[in-house]
Amino acid sequence: ESTRVVRERAAEALTHIIMLQRDRRIDPLLTELTTAAKGADASIRAAIFSTVQCALHNAGATASDPIKKSLKETLKEALRDEAEEVRAAAAKALASLAVLGSNEDLAALVSADVLPAGTGANGWQLDHARAVVMDSLAWLYGDRLLQIGSSLYVDTLARWIKHEHYA
């Protein structure tokens with residue numbers, strides 16, 4: 001528990017540094033964080049993805065397209081993680097990444113990566129992560145989500161409510 005607090009404080013401190021240097025590109029930081037997440041245990045991956053979310057929220061506009069694309073794939077993969085804290089942190093980071101693009105890019109991500117029902121034995125875990133993505137989009141970027149179509153959002157929520165895992 002104490003190491004989690006230390007990681008959270010370190011992530012918060014890094015966020016403050018990012019905010020002070022908003023005009024600089026964050027590509028090296030995102031690359032380093034993504035690389036570090038690949039070999040780490042679950043609690044560290046969750047802290048890393050939380051830091052990524054903060055970095056994207058505060059300075060994501062300075063990230064290059066290749067870094068965004070690579071990060072998107074890493075975060076989509078993390079949505080399938082067994083650890084709930086990792087899925088939730090990755091989902092929030094993916095939401096912050098999604099709004100950096102155009103409304104068309106956001107709609108494409110929601111349609112292709114958030115709407116489809118989970119498959120396989122752990123499909124509910126993927127649906128959980130997708131629900132967190134939609135929750136983060138609605139909470140942090142509701143105006144952007146509504147710009148791509150409120151019916152898309154309502155349809156997604158209705159599908160999850162009817163899911164057999166939640167019934």
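**Exercise 1.** How are α2 and α4 oriented to each other, roughly parallel or roughly antiparallel?

*Solution.* The model is a predicted one, in which local features need pLDDT of at least 70 and side-chain atom pairs count only at pLDDT 80 or more, while totals for chains, interfaces and linings use all residues. Residues are numbered from 1 along each chain as its sequence is written, and side-chain values use heavy atoms, with hydrogens and water left out.

Begin with the geometry: helix α2 (residues 27-38) packs against helix α4 (residues 65-78) at an angle of about 25°, and their axes lie 10 Å apart. Angles under 35 degrees count as roughly parallel, and α2 and α4 are therefore roughly parallel to each other. Next, list the contact (heavy atoms within 4.5 Å): Asp27, Leu30, Thr31, Thr34 and Lys38 of α2 meet Ile67, Leu71 and Thr74 of α4. Sorted by class, the contact of α2 with α4 holds three nonpolar, three polar and two charged residues.

**Exercise 2.** Describe how α3 and α5 are oriented, and sort the residues of their contact by class.

*Solution.* The axes of helix α3 (residues 42-59) and helix α5 (residues 84-98) come within 8 Å and cross at roughly 15°, and the two helices are therefore roughly parallel to each other. On the side of α3 the contact includes Ala42, Phe49, Val52 and Leu56, and on the side of α5 it includes Val86, Ala89, Ala93 and Leu97. The residues of the contact of α3 with α5 divide into 10 nonpolar, five polar and three charged.

Technical notes:
Axes fitted to C-alpha atoms, helices over the stretch in contact; angles between N-to-C directions. Helix = DSSP H or I, 4+ residues; strand = E, 2+ residues; numbered from the N terminus. Parallel < 35°, antiparallel > 145°, perpendicular 65-115°, else oblique. Nonpolar A, V, L, I, M, F, W, Y, C, P; charged D, E, K, R; others polar.
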